[in-house]
Amino acid sequence: MIYQLFWFLTTCFTFLFNALWLCCNFASVGIPWLMLLFFLVCIASKFVKLKCPAGEVVQSMLHRSEKEVGSEVLYWPILGGAFDAPENSLAAINHCLSQKCFNILLDLSITNDGHLVVLHRSTLEKANINLPVHGLKLNALENFNITEHHPLGQHFQPEKVLTFERLLKLLETNELTVFLLASHTNAKMVEILQEAIGKNSLFTKRIVFCCSSPVAIYQLRQHCPDLVCGLWMDKLTLSRAQQYFSASTILMSVYGAIFRNIIAPVIGISLVFIHKDEFNAQISTLWHNVGVRPIVYKINSPNEKRYFQQVTKTQYLTDSLRSEPQIIFKSKRH
């Protein structure tokens with residue numbers, strides 16, 4: 001009887017041991033290799049990692065705006081203040097300056113014949129031009145009036161497309177910090193920007209380059225380590241990633257962690273632009289932990305602006321300065 005009990009227990013133990021061993025063998029096919037790959041990527045990133053610009057430099061570029069009652073004004077117009085004036089226009093820039101807003105985001109595009117212009121595709125679409133900017137030549141844009149098809153266009157003088165060369169000259173006469181958002185990047189654009197950085201000493205002091213391509217940012221910062229760059233987290237890209245990883249929250253977390261803990265330190269970005277629908281306090285903390293300042297975009301209502309100014313203490317991009325709480329409450333006091 002004791003012998004049969006001992007034999008039964010031994011058989012059960014052997015079965016459990018073999019089952020556990022089989023599971024370990026199956027797991028060893030994938031998990032260790034993934035861990036090893038991740039470990040090697042982390043080691044390799046240490047050798048190709050670019051040093052971020054000094055924090056004092058970034059701080060001085062971000063806070064040129066006028067301060068009121070001892071606190072910074074956190075309004076930044078996106079697309080050159082598209083709700084108040086035609087986007088990417090001199091009128092929009094002058095409007096921002098008149099409101100003591102010195103942080104301006106403009107769109108940078110490249111034409112088919114290799115010229116950089118300050119123009120967004122949406123401006124062309126308003127004129128029923130369905131080609132992207134990189135599908136047109138510069139001479140096709142020479143007589144294009146960017147104010148004509150804007151809802152408030154009748155209140156502004158006709159304007160031609162602003163070229164990159166004219167923008168650089170504009171920086172010589174204004175205390176602007178320009179955030180250049182490149183929605184489409186290629187080797188030619190990177191080459192032109194590298195040449196401009198070498199010739200213009202104001203570039204790294206007054207321009208923050210932004211795009212959704214880590215490769216383009218890495219190439220520019222490898223050429224000029226002092227250049228301040230921001231990674232634009234496009235909402236469409238994130239939505240596609242969420243659909244692809246919809247079955248696993250863990251995979252989506254890993255996807256975000258790769259950007260924060262591997263890509264961001266390697267390319268040496270100082271800023272990350274996040275859509276308001278993808279932003280929360282936890283995301284903000286995770287980015288701050290890797291030394292990157294998050295900026296939220298598409299904030300237009302006064303209540304949203306007050307929330308990000310007073311509660312989350314997060315800087316944001318806006319399409320209109322008219323809804324700024326500081327301006328609204330100042331006008332009421334007057």
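Okay, so one definition before anything else: two strands pair if DSSP finds at least two bridges between them. Keep that in mind, and keep in mind that what we have here is a predicted model.

With that, let's go to the sheet. Strand E7, residues 207-211, and strand E8 are joined by 4 bridges, and the two run parallel.

Now step out a bit. How many strands are in this sheet, and in what order? There are 8, forming an open sheet, and the order reads E5-E4-E3-E6-E7-E8-E9-E10, with mixed pairing. E5 and E10 are the edge strands, each pairing on one side only. As a reminder, strands of a sheet pair through backbone hydrogen bonds, either parallel or antiparallel.

Let me stay with E8 for a minute. The cut-off for buried, by the way, is under 20% relative accessible area.

On from E8 we get to strand E9, residues 271-275, and that pairing is parallel too, over 4 bridges. Here methionine 233 stands opposite isoleucine 274 in E9. Then E9 pairs with E10, again in the parallel sense, over 5 bridges. The pair to look at there is phenylalanine 273, with isoleucine 295 as its bridge partner in E10. Helix H11, residues 281-289, packs on the sheet at this end, touching E9 and E10, and its direction makes about 140 degrees with that of E10.

In H2, residues 55-62, the buried residues are Val58, Met61 and Leu62. Looking down the axis of H2, they fall within an arc of 95 degrees, so they line one face of the helix.

Side chains of opposite charge can pair when their charged atoms come close. This structure holds 5 salt bridges, and I'll walk you through some of them.

Lysine 126 and glutamate 87 form one, with the closest N and O atoms 2.9 Å apart. Which parts of the chain does that pair link? Distant ones: lysine 126 is in helix H4, residues 121-126, while glutamate 87 is in the loop between strand E2 and helix H3, and the two are 39 residues apart. Lysine 126 counts as partly exposed at 36% relative accessibility, whereas glutamate 87, at 5%, counts as buried.

Another one is lysine 298 with aspartate 319, where the closest N and O atoms are 3.5 Å apart. Lysine 298 sits in the loop between strand E10 and helix H12, and aspartate 319 in the loop between H12 and helix H13, so this pair ties together parts that are 21 residues apart in sequence. Lysine 298 is partly exposed at 30% relative accessibility, and aspartate 319 is buried at 2%.

Then there's glutamate 195 with lysine 199, at 2.9 Å, N to O. What separates these two along the chain? About one helical turn, because they are 4 residues apart in helix H6, residues 187-199. Glutamate 195 is partly exposed, with a relative accessible area of 43%, and lysine 199 is exposed at 66%.

Last item, for anyone who likes to check backbone torsions. Lysine 100 has a positive phi of about 60 degrees, although it isn't a glycine. Lysine 100 belongs to the loop between H3 and strand E3, and it is partly exposed at 40% relative accessibility. Asparagine 128 is another non-glycine residue with a positive phi, near 60 degrees. Where is asparagine 128? In the loop between H4 and strand E5, and it counts as exposed, with a relative accessible area of 68%.

That's my tour, thanks.

Definitions and conventions
Residues are numbered from 1 along each chain as its sequence is written. This is a predicted model: local features need pLDDT of at least 70, side-chain atom pairs count only at pLDDT 80 or more; totals for chains, interfaces and linings use all residues. Side-chain values use heavy atoms; hydrogens and water are left out. A salt bridge is a side-chain nitrogen of Lys or Arg within 4 Å of a carboxyl oxygen of Asp or Glu. Buried means under 20% relative accessible area, exposed over 50%, partly exposed in between (1.4 Å probe, protein chains only). The arc is that of the directions from the helix axis to the C-beta atoms. Contact means heavy atoms within 4.5 Å. Axes are lines fitted to C-alpha atoms, for helices over the stretch in contact, and angles run from 0 to 180 degrees between N-to-C directions.
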